[in-house]
Amino acid sequence: RTPDDIADNILWIQRRLDWLAKHEWPKGGLDIIIKGAARTNPQNRYYWEVVTPLVAEHLTSKWETPVTKEMAHDILKSQFLPSRKCPITDRIFYGSTTELTKGGEGEGSWQHYIMQIQHWASLSGLQIPDPNEAQV
């Protein structure tokens, strides 16, 4: 892990703690678990430099309103990852790509998530190249 990775994790934790400070703390306290990277650097580059920009551009032209990579990421998560209801606020939270496994092709794997996105995109005429075909 690099110093930048650690700094990103600390920033993420601080944002969550800031949010919790403004809201009601969970009953029973709070556990923070720091896990290893959910995907490899090449997987991450492919997702953020190929998949999300292509989806964002496609949706921008389809909806005639700007869609960012981050918005595309949220849309993809809502389409293909399981959701959970927060017991405190009753808000719906969509699954995280950090919970996907790096290897394998079964449900819950990074590869399965990408295959679902590719299939979904192809239904509206958007072709997303496979990771081994993409220029990143």
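Is E99 buried, partly exposed or exposed? In this predicted model, E99 is partly exposed, with a relative accessible area of 43%. Buried here means under 20% relative accessible area and exposed over 50%, with partly exposed in between (1.4 Å probe, protein chains only). Residues are numbered from 1 along each chain as its sequence is written. Local features need pLDDT of at least 70, side-chain atom pairs count only at pLDDT 80 or more, totals for chains, interfaces and linings use all residues, and side-chain values use heavy atoms, without hydrogens and water.

Two salt bridges are present (a side-chain nitrogen of Lys or Arg within 4 Å of a carboxyl oxygen of Asp or Glu). One joins E99 to R84, with the closest N and O atoms 3.3 Å apart. This pair links distant parts of the chain. E99 lies in the loop between strand 2 and helix 4, and R84 in strand 1 (residues 83-85), 15 residues apart. R84 is partly exposed, at 46%. Helices (H or I, at least four residues) and strands (E, at least two) are DSSP runs, numbered from the N terminus.

D74 pairs with K77 in a salt bridge, the closest N and O atoms being 3.6 Å apart. Both belong to helix 3 and sit three residues apart, so about one helical turn separates them. D74 is partly exposed at 43% relative accessibility, whereas K77 is buried at 17%.

Helix 3 (residues 69-80) has twelve residues. The buried residues of helix 3 are A72, H73, I75, L76, K77 and F80. Their cover includes helix 2 (41-63), strand 2 (92-94) and helix 4 (110-122), where contact means heavy atoms within 4.5 Å.

Terms used: Expected span 1.5 Å × (residues − 1).
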